[in-house]
Amino acid sequence: MFLGRMRVFCVSDIHTNYPDNWSWCQSISSQKYVNDVIIVAGDVSHEFGGIRNTLKCLKDKFLEVFFVPGNHDLWLVNKSEGFRDSIEKFAHLQSLCDELGVHTSPQKLANKVWIVPMHSWYEESFDNEPDSDQHPIPKKNWNDYNYCKWNDSTSTDSERCRFFHKLNEDSIARVTEEHKANPNTKIITFSHYLPRRECLPPRSKLWIPYLPKVVGSPHLEEQLRRLRPNIHVYGHTHINMSVNLDDTLYIQRALMYPSERTKYPPHMIFTDMDKMMIWDSDQPDASHAV
């Protein structure tokens, strides 16, 4: 049993196929976080080898690493990787994580906190604003429709959501049951996609007006309500923000593309790992998000 101090950090959208972002990953201290945990909420790289290198790099720096794939992780850009479709690549990513000792299933740490990965996809019904019909998805411009390839049972966004959400059911049942025996443990869930519309600014403040259609699923939130997490980490939009809703802190800490870090205001840019901490075993009831 681990008896020392343990902290939990989170990041998403590392995109280490960009040299600047890979350099950031390599620059993380190899001594400072050896008793700590990092949650990687998807979009590491569209290259399988890049995902392997990045997760291995993080595993060398942190005690525990948790990961769920994002949309870019399932792209089939490099045909030489040999995957028939994105579902097959997803299965190989799960095997890769097993090989590296990266967690893709729930774990209770220090007997104080659950970390629960949640798989998902997005669907258009997430866009619940009144003018939704006026902003269709230009599928030739949204690269998931160009670079992801699906099998017959996952040919629509709704079918993909059902496929990924079904993978969460055993985790929900296990954590819910075990949490009854020790209700004082905290629960931190994470996904790449958004569970609630409030995790995204209103359309009037978005650069991409159809963005709400390609970022989340209301069914993911239905699953989260059964777990009632203290914190939920998400990614995908590259819009760093946090919001408290129904006793859950929803938070995004995306590294973003290098070009985006020159456009956003400083308070929305997170490159300092210490500012990505969300939980501390020495203060388990406190919120550490900044």
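This is a predicted model: local features need pLDDT of at least 70, side-chain atom pairs count only at pLDDT 80 or more; totals for chains, interfaces and linings use all residues.
Biologist: How do I check the length of H3 against its residue count?

Modeller: Take 1.5 Å a residue: the 15 residues of H3 should span 21 Å, and the end C-alpha atoms are 21 Å apart, so the two agree.

Biologist: Next, helix pairs. What describes two packed helices?

Modeller: The angle between their axes and the distance between the axes. Here, take H2 (residues 48-59) and H3 (residues 86-100): the axes come within 11 Å and cross at roughly 25°. Angles under 35 degrees count as roughly parallel, and H2 and H3 are therefore roughly parallel to each other.

Biologist: Which residues make the contact between H2 and H3?

Modeller: On the H2 side, Phe-48, Ile-51, Arg-52, Leu-55, Lys-56 and Lys-59. On the H3 side, Lys-89, His-92, Leu-93, Leu-96, Cys-97, Glu-99 and Leu-100. Sorted by class, this contact has 7 nonpolar, 1 polar and 5 charged residues.

Biologist: And the hand: is the crossing of H2 and H3 right-handed or left-handed?

Modeller: H2 passes H3 in a right-handed crossing.

Biologist: Which residues of H2 are buried, and what do they pack against?

Modeller: Phe-48, Gly-50, Ile-51, Thr-54, Leu-55, Cys-57 and Leu-58 are buried. Their packing partners are helix H1 (19-27), strand E2 (37-40), strand E3 (64-67) and H3.

Biologist: Which residues of H6 and H7 meet?

Modeller: From H6, Glu-169, Ile-172, Val-175 and Thr-176; from H7, Gln-223, Arg-226 and Leu-227. By class, the contact of H6 with H7 has 3 nonpolar, 2 polar and 2 charged residues.

Biologist: Now backbone angles. What is phi of His-15?

Modeller: Near 45°, a positive value in a residue other than glycine. His-15 lies in the loop between strand E1 (7-11) and H1. The cut-off for buried is under 20% relative accessible area; His-15 is at 1% relative accessibility, so it counts as buried.

Biologist: What about phi of Asp-247?

Modeller: Phi of Asp-247 is near 70°, again a positive value in a residue other than glycine. Look for Asp-247 in the loop between strand E8 (242-245) and strand E9 (248-252). Exposed means over 50%, so Asp-247, at 73% relative accessibility, counts as exposed.

Biologist: One last spot. Where does Asp-152 lie?

Modeller: In the loop between helix H4 (144-147) and helix H5 (157-166). Asp-152 has a relative accessible area of 76%, so it is exposed.

Biologist: How many residues apart in sequence are Asp-152 and Arg-197, and what is the spacing in space?

Modeller: They are 45 residues apart in sequence, and 29 Å apart in space, C-alpha to C-alpha.

How values were computed:
Residues are numbered from 1 along each chain as its sequence is written. Side-chain values use heavy atoms; hydrogens and water are left out. Axes are lines fitted to C-alpha atoms, for helices over the stretch in contact, and angles run from 0 to 180 degrees between N-to-C directions. Helices (H or I, at least four residues) and strands (E, at least two) are DSSP runs, numbered from the N terminus. Angles under 35 degrees count as roughly parallel, over 145 as roughly antiparallel, 65 to 115 as roughly perpendicular and the rest as oblique. A crossing is left-handed if the near helix is turned anticlockwise from the far one by less than a right angle, and right-handed if clockwise. Contact means heavy atoms within 4.5 Å. Ala, Val, Leu, Ile, Met, Phe, Trp, Tyr, Cys and Pro count as nonpolar, Asp, Glu, Lys and Arg as charged, and the others, Gly among them, as polar. Buried means under 20% relative accessible area, exposed over 50%, partly exposed in between (1.4 Å probe, protein chains only). The expected span of a helix is 1.5 Å times one less than its number of residues.
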